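Let's take a walk through this structure together, one piece at a time. Keep the picture open while you read.

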Amino acid sequence: MSNPSFPPLPPDVRAMPHKFRVLTGERPTGPLHVGHYFGSLHNRVRLQNVGVDLIVVIADYQVLTDRTDPGNLSEIVHGLVLDYLAVGLDSRSTTIFVHSAVASLNQLLLPFLSLVSNAELARNPTVKEEIASTRHNTVTGLMYTYPAHQAADILSCGANLVPVGEDQLPHLELTRTIARRFNQRYAPLFPAVEPLLSPTPRLVGLDGRNKMSKSRKNTIDIRSTADKTAEHIAAAVTDSQRHITFDPQARPQVANLLRLASLCRNEDPHAIAAEIGDRGAAALKQTTIEAVNEYFAPIRARRDEYAKDPALVTSIIRKGNARASELADNTLSRVKEAMGMQY
Ligand code: TRP
C-alpha cells in the first residue's frame with residue numbers, strides 16, 4: 001500500500017516504531033467514506049504495518065454530544081469494524097474497542113474535569129463551531145466536556161501519538177494541558193502526547209460544498225457498490241469549461257475529482273488532467289469512477305468476506321475492550337494512588 005501521494009511517516013516513527021503507542025478513532029455515526037479513507041484510515045494502516053502499537057477507539061458516548069438518538073449503535077459499530085478490517089486494520093496487532101465498555105476510562109473523566117476550568121471548556125473553537133452548527137437549541141453538558149473525555153481515551157491507554165485532522169488539535173491541546181497539570185499537581189504519570197497531522201489535503205464533498213460529510217450525502221462510502229459509486233460521481237458538481245485543468249483555487253470541484261482519481265491511481269493530478277484534456281467533465285467523471293472502483297474493489301471484496309462471519313466483529317471488539325480495560329484499569333489505579341484515594 002505504498003503511495004507516493006502520501007508523504008512518508010515521520011522519521012522517528014519509522015526508526016523506532018516500538019516507542020509509539022497510537023490512539024485514534026471516531027464517533028460511530030455511520031459508514032466510513034473515501035474522505036475518511038484517504039484522510040486517516042490509510043495512514044492508520046501504515047502505522048500498524050511499521051509496527052506501532054495502534055489502538056482505535058470507537059467513541060460511542062461522543063455520538064450523544066449533539067443528538068438525543070444515537071441510531072442503531074450496534075449495527076453502526078458492527079459496520080464500522082467491518083470497514084476497518086476491509087481497509088487493512090489487522091485485529092491480531094491492532095486493538096479496536098468501544099469506550100462505553102471501559103469503565104475505568106470513563107471514571108478518569110472526573111479527576112480530569114477537576115483540572116480544567118469552565119472557561120477553557122467553553123472557548124474550545126471546535127466545540128464552538130459544533131454548537132453553532134447544531135440543529136438543536138439546547139447544548140448538552142457532554143458537548144462541553146467531550147474533549148476532556150477524549151483526553152481520557154488518550155491518556156487511559158498511555159498513548160503518546162494521536163493522528164488527527166486539524167479540527168481535533170484543540171482537543172489534543174486540552175489533553176496535553178490535563179496531563180501536564182496532573183503531573184504537576186500529583187505525580188508525573190502521563191507522557192507528552194504529540195499530534196500527527198493528516199498527510200493529505202481534505203477531499204471536499206461531491207456537491208461542491210466544503211466537506212465530505214455523512215449527513216450531507218455528498219460522499220462515496222467505502223462499502224458502496226461500483227454502480228452506486230458511478231451514480232454518485234456522475235452527479236458531482238463540476239463546471240462548464242471543457243478543457244480540464246488541475247486548479248484547486250479557480251476550479252475546486254474539478255480539482256476535487258482529479259485529486260480523488262490521483263489518490264486512487266497514485267499519479268499526479270496534473271498528469272490526469274492532461275490525459276483528459278478537452279474531453280470535458282463527462283470524461284473526467286468516467287476517469288474518476290474507474291479509478292475509485294478499481295482502487296476499492298479489493299477492499300470491498302474483503303469486506304464482503306469478513307461480513308460472512310457473524311461472530312468475527314463481536315470477538316474482535318471483546319478482545320479490544322479487554323485490552324483497553326487492562327490498560328485503563330492500570331492507569332486509573334495509578335491516578336487514584338497519586339491522588340491519595342487508596343482506601
Ligand atoms: N473526536 C473524534 C471525532 O470527532 C473522535 C475521537 C474520540 C478521538 N476520542 C478520540 C480521536 C481520541 C482521536 C483520539 O471523530
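**Around the ligand**

A nitrogen atom of the ligand sits 2.9 Å from an N or O atom in the side chain of Gln168. For Asp153, the side-chain N or O atom is 2.7 Å from a ligand nitrogen. A pair of N or O atoms is called a polar contact when the two are within 3.5 Å; within protein, one must be able to donate a hydrogen and the other to accept it, and residues adjacent in sequence count only if both atoms are side-chain atoms.

Which residues come nearest to the ligand? Of the 13 around it, they are Arg27, Gln62, Gln150, Asp153 and Gln168. Being near here means that one of the residue's heavy atoms lies within 4 Å of the molecule.

Before we move on, a word about what you're looking at. This is a predicted model, where local features need pLDDT of at least 70 and side-chain atom pairs count only at pLDDT 80 or more, while totals for chains, interfaces and linings use all residues. Residues are numbered from 1 along each chain as its sequence is written, and side-chain values use heavy atoms, with hydrogens and water left out.

Now for the helices, which are DSSP runs of H or I with at least four residues, numbered from the N terminus. Two packed helices are described by the angle between their axes and the distance between the axes. The axes are lines fitted to C-alpha atoms over the stretch in contact, and angles run from 0 to 180 degrees between N-to-C directions.

Take helix H7 (residues 125–133) and helix H8 (residues 141–156): their axes come within 10 Å and cross at roughly 150 degrees. H7 and H8 are therefore roughly antiparallel to each other, a label for angles over 145 degrees. Thr126, Val127, Glu130 and Ile131 of H7 make the contact with Met143, Tyr144, Tyr146 and Pro147 of H8; contact means heavy atoms within 4.5 Å.

Pro170 belongs to helix H9 (residues 169–185). Leaving aside its neighbours within four places in sequence, Pro170 is in contact with Asn124, Pro125 and Thr126. His33 is 137 residues away from Pro170 along the chain, and their C-alpha atoms are separated by 24 Å.

Further along, helix H11 (residues 252–265) packs with H12 at an angle of about 110 degrees, with their axes 9 Å apart. H11 and H12 are therefore roughly perpendicular to each other, the term for 65 to 115 degrees. On the H11 side, the contact is made by Leu258, Ala261, Ser262 and Arg265, and on the H12 side by Pro269, Ile272, Ala273, Glu275 and Ile276.

How does H12 (residues 269–276) pack with helix H13 (residues 280–307)? The angle is about 130 degrees, and the axes are 10 Å apart. That makes H12 oblique to H13, where oblique covers the angles left over once under 35 degrees is set aside as roughly parallel, along with the two ranges above. Ile272, Glu275 and Ile276 of H12 make this contact with Gly280, Ala283, Leu284 and Thr287 of H13.

Definitions and conventions. Helix = DSSP H or I, 4+ residues; strand = E, 2+ residues; numbered from the N terminus.
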